[in-house]
Amino acid sequence: MSTQTNNHHDHGSRTQRRRKKRHFFFIPTTTHQFQTCIRRLSLKGLSCFFFIADHAMYLLGPLLIALASLIIAGLTYLYFGVVLPMMAGTNWIVTLEDYEVFQHGGKIGAISLSNDGTNHNNHPISTTKSILLALTTPTGIFHTALVSFFLINVTYNYYKCVTTSNTGPCYDSVVRELATVTNFDYPETEEELIQCKRALEQQIAAKLECRRRELLAAAAVRDTVNDGASTKQQQQQQKPIIPRIHNWQLLSPTEWSYCRFSKQPKPPRSHYDHVTKSLVLNMDHYCPWMFNCVGFFNYRFFVNFLFFTVTGLFYGAGISLRPFLYLGGSEYREQIRVSRDAATAASGGGESASEASLRRVAMYTVRHLESNSFIPTPNERTAIALGFMICLCLGCAVGCLLVFHLYLTVSAQTTIEFHGNWAKRRKKKGWTNPYSAGSWKRNWEMVYGTRYHHFRSGSNDYVGDEENGSADVTNRHDDQHSYRGLWGILMAMMPSDREPEFLPFPFDGVLIRRKNREVD
C-alpha cells in the first residue's frame, strides 16, 4: 500500500515538473497566444531598458556636472588669459621694458611691478601681472564687469538647479495648500491613506469603464455607417480597436489621483520621476546635466540658467570672433615673421651671455604686435579656435532650448503637457490651456512672482479672502515692490533663493499666493 502511494506521489511530482517545463518552454500556437507573448516580452524588455537607463543616469549625472564645470572654468580661463589682454591692448607687454614704453605713452596710470634680476628692463612680467595690467584699462574693466555678471548668474542658477530638492517640507507645505484650495481631504494617518487610495482607484476605474463604453459606442456607430461599403466577411474580421487610455487623461485639471510608485496622493499637474524616485510638482523633465528633475521649485533657476548661458556664450563668441578671423591669415604669418626677425637680431648683438640668454627666452616665442593686439600667437591659436566654436555651437543649441522654454513659461505649460496639449489642439479647435492665467504676463508671474522680496505670512502683503485662503494679488498695481516693464523682468531674473510665490496652477484664471513661504 505504501509502495503504491509512493509511486502515485512520484508520478504526480513528475507530472507537475513536466507541466512546469512545458510552461517554461511555451510555444504559441494561435494568433492570440502569439500576440500575448509579444506583449509580455515587450513589457519585460521595456522594464529592463528603463532599469538600465535609470541606473545609468546615476553614473552619467556626476560626469556631466563635472563636464559642465570644466567648460565654465575653461572659458573663464580663456577670457582672462587670452581674450582680455587682446581687447585691452596689453598682450604685447612681455617685459618691464615694454611696460615702460606703454606707460610713457600715457595710456594708463603707474602700476608697481617687481624687478628681479640684473637688468630689470629685460625681465619678463608674470601672467598674473599681465592680467592685472589689462584690468586697469577702461576696456578691460567694462568687459570684465560683463563677464563677471554672466559668470555669477550662470554659476548660481546652475548650483540651484542641481541642489534644489523637489521633496521635503516645502513640497508638503505646497501640497497641503493645494488640498485646501481644491477641497481635497489630504490623508494624515495610515488608515486615511488606505481609504484615500481605495476611493481614488475606484474613481479612476469608474471613469475608465465609462470612457471605454463611449469608445465602443463610437466604434459601433462607425460600423453602422460603413455597413454598405464592407462585406460580411470583412465585418466579422474587423473588431473595434480601443486606444490605450492613461489615468491622467481621465482627470480634470484640478482633480487628484493616487501614485502607486510613491504611495501617496498625486496632486494635479504632478508626475513621478523614476530617477530621483520622487513625485514632482509641475514636472517638466529630468535633466542629466543637472542630475535633478526640473519642476515647480527649480524651474525658475533652470530658465535663468539657460538665459544667462546663451547670453554669455554669444557674448564670448562675439569678443573672440575677431581673433578667430585672423587665424591663418596674412597678418598671422606676418606676426610670426616679425618675431623671428627680432629674435635673430637679439641673438647676434654684443650682449653678455646672461642678458642674451634672458632675451632669447623672451623673444623666441612669437609676440603680439603693438599695432594689432587681436592677432593670436601659435600658442593661443588652438584656444581661440576651440573657445569660439564652443561658444557658437553651444550658444545655438542652448538657444533653441531657451526659446522653447520661454514659450512654455509664457503659455503656462510644461514639456510633458506641451505634447498632450498639441494633440488636443489638433483634435478640438478653440481648445484653451486650463492652467493658463489668462495672459503671458500672469503666466510669467506664475513662475517668477511679482515681488523682489520674500513674502511674509500674515503681513499686509497678503491681500484676499481670509476665509477661503485665496487671493488675486496680480491685480494690485500699487505695490511698490512689484516688477514693472523690462527692468522688472530683468530684476526678476537676478540671483535669489526665494521660493515660488504662487501655487503650481491658477484657479479660474486667478493666481493664488502661497501662505507658508520661507523667509530669509
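Arg-213 is exposed, with a relative accessible area of 57%; exposed means over 50%, buried under 20% and partly exposed in between (1.4 Å probe, protein chains only). The model is predicted: local features need pLDDT of at least 70, side-chain atom pairs count only at pLDDT 80 or more, and totals for chains, interfaces and linings use all residues. Residues are numbered from 1 along each chain as its sequence is written, and side-chain values use heavy atoms, with hydrogens and water left out.

**Salt bridges**

Arg-213 forms a salt bridge with Glu-209, the term standing for a side-chain nitrogen of Lys or Arg within 4 Å of a carboxyl oxygen of Asp or Glu. Glu-209 is partly exposed at 38% relative accessibility. Helices here are DSSP runs (H or I, at least four residues), as are strands (E, at least two), numbered from the N terminus. By the salt-bridge rule the count comes to seven. The table gives some of them.

| Pair | Closest N to O distance |
|---|---|
| Arg-213 and Glu-209 | 3.5 Å |
| Glu-255 and Lys-207 | 2.7 Å |

Glu-255 and Lys-207 meet in a salt bridge. Glu-255 lies in the loop between α8 (232-237) and β1 (257-259) and Lys-207 in helix α7, so this pair ties together parts that are 48 residues apart in sequence. Glu-255 is buried at 16% relative accessible area, while Lys-207 is partly exposed at 25%.

Arg-176 belongs to helix α6 (residues 169-181) and Glu-188 to the loop between α6 and α7 (190-225), so the pair joins parts twelve residues apart in sequence. Arg-176 is partly exposed, at 31% relative accessibility, and Glu-188 is exposed, at 53%.

**Aromatic pairs**

Rings of Phe, Tyr and Trp (its six-membered ring) pair if their centres lie within 6.5 Å; planes under 30 degrees apart count as stacked, over 60 as edge-to-face and the rest as tilted. By this rule there are 19 aromatic pairs. In one of them, Tyr-186 and Trp-256, the ring centres are 6.1 Å apart and the planes stand at 70°, so the pair is edge-to-face. Tyr-186 is in the loop between α6 and α7 and Trp-256 in the loop between α8 and β1, 70 residues apart. Both Tyr-186 and Trp-256 are buried. Phe-505 and Phe-507 have ring centres 5.0 Å apart and planes at 50°, so they make a tilted pair. Phe-505 is buried at 1% relative accessibility, and Phe-507 is buried at 15%. Phe-149, Phe-150, Phe-307, Phe-308 and Tyr-315 make up one aromatic cluster.

**A buried glutamate**

Glu-499 lies in the segment after α16 (485-492) and is buried, with 11% relative accessible area. The Glu-499 side chain is 3.0 Å from that of Arg-514 in a polar contact (a pair of N or O atoms within 3.5 Å; within protein, one must be able to donate a hydrogen and the other to accept it, and residues adjacent in sequence count only if both atoms are side-chain atoms).

**The chain as a whole**

The chain has 16 helices and six strands. Of its 520 residues, 39% count as buried. Its accessible surface comes to about 30,700 Å², with 59% belonging to carbon and sulfur atoms; areas come from the Shrake-Rupley method with a 1.4 Å probe, and for residues only the protein chains shown count as cover.
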